[in-house]
Amino acid sequence: MPKMKTHKGTAKRFRKTGSGKWVRPKAWRGHHLEIKSSRRTRRYAGKAVVPTVHSKQLKRLLPYE
């Protein structure tokens, strides 16, 4: 049986925590930050926990994480 390939686009966006939860960076923080208010920019900072509904698909896309 050949090795399963990691989906590289997903690997760049999602990480697994020590307890096994999936986390992702929040959207809308990429560019045009000078037109966004500080309040908006702070809201987009940090990481967000991915709902467990998507964990089956993430496990298929990232088999060795």
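**Loop, sheet and helices of a predicted chain**

Trp28 lies in the loop between β2 and α2. The model is a predicted one, in which local features need pLDDT of at least 70 and side-chain atom pairs count only at pLDDT 80 or more, while totals for chains, interfaces and linings use all residues. Residues are numbered from 1 along each chain as its sequence is written, and side-chain values use heavy atoms, with hydrogens and water left out.

Trp28 is not a glycine, yet its phi is positive, at about 70 degrees. Most residues other than glycine have a negative phi. The relative accessibility of Trp28 is 61%, so this residue counts as exposed. The classes are buried (under 20% relative accessible area), exposed (over 50%) and partly exposed (in between), with a 1.4 Å probe and protein chains only. The loop between β2 and α2 also holds His32, whose phi is likewise positive, near 55 degrees, in a residue other than glycine. His32 counts as partly exposed because its relative accessibility is 46%.

The chain as a whole contains three helices and three strands, arranged along the sequence in the pattern α-β-β-α-β-α. The strands make an open sheet in the order β1-β2-β3, with antiparallel pairing. The edge strands, each of which pairs on one side only, are β1 (15–16) and β3 (47–49). Two strands are taken to pair if DSSP finds at least two bridges between them.

The pairing of β1 with β2 is antiparallel and runs over two bridges. Arg15 has Val23 in β2 as its bridge partner. These two strands form a hairpin with five residues between them, and Gly20 in the turn has a positive phi of about 100 degrees. Strand β2, residues 22–25, is also antiparallel to β3, this time over three bridges. Here Val23 stands opposite Val49 in β3.

What makes up the largest nonpolar core? Its six residues are Ala11, Phe14, Trp22, Val50, Leu58 and Leu62. Such a core is a set of buried Ala, Val, Leu, Ile, Met, Phe, Trp, Tyr and Cys residues joined through side-chain atoms within 4.5 Å. Val50 also has a list of contacts, where contact means heavy atoms within 4.5 Å. Apart from neighbours within four places in sequence, Val50 is in contact with Phe14, Trp22, Val23, Arg24 and Leu58.

Helix α1 covers residues 8–11 and includes Thr10. Thr10 counts as buried because its relative accessibility is 8%. Residues up to four places away in sequence aside, Thr10 touches Leu58, Leu61 and Leu62; Leu58 and Leu62 are also among the residues of the largest nonpolar core. The side chain of Thr10 is joined to that of His7 by a polar contact of 2.9 Å. A polar contact is a pair of N or O atoms within 3.5 Å; within protein, one must be able to donate a hydrogen and the other to accept it, and residues adjacent in sequence count only if both atoms are side-chain atoms.

With a relative accessible area of 56%, Lys8 is exposed. Its C-alpha atom is separated by 12 Å from that of Arg60, a residue 52 places apart from Lys8 along the chain.

Helix α2 spans residues 38–43 and contains Thr41. Is Thr41 buried or exposed? The relative accessible area of Thr41 is 16%, so Thr41 is buried. Its contacts, leaving aside neighbours within four places in sequence, are Arg29, Leu33 and Lys36.

The remaining values describe the whole chain. Its radius of gyration is 15 Å, whereas a compact globule of 65 residues would have one near 11 Å. This radius is taken over C-alpha atoms, and the globule rule is 2.2 Å times the number of residues to the power 0.38. Along its principal axes the C-alpha trace spans about 50 × 20 × 20 Å.

Of the 65 residues, 20% count as buried. Among contacts between residues at least 6 apart in sequence, 55% join residues at least 24 apart. The chain exposes about 5800 Å², of which carbon and sulfur atoms supply 56%. Accessible areas come from the Shrake-Rupley method with a 1.4 Å probe; for residues, only the protein chains shown count as cover.

Conventions: Helices (H or I, at least four residues) and strands (E, at least two) are DSSP runs, numbered from the N terminus.
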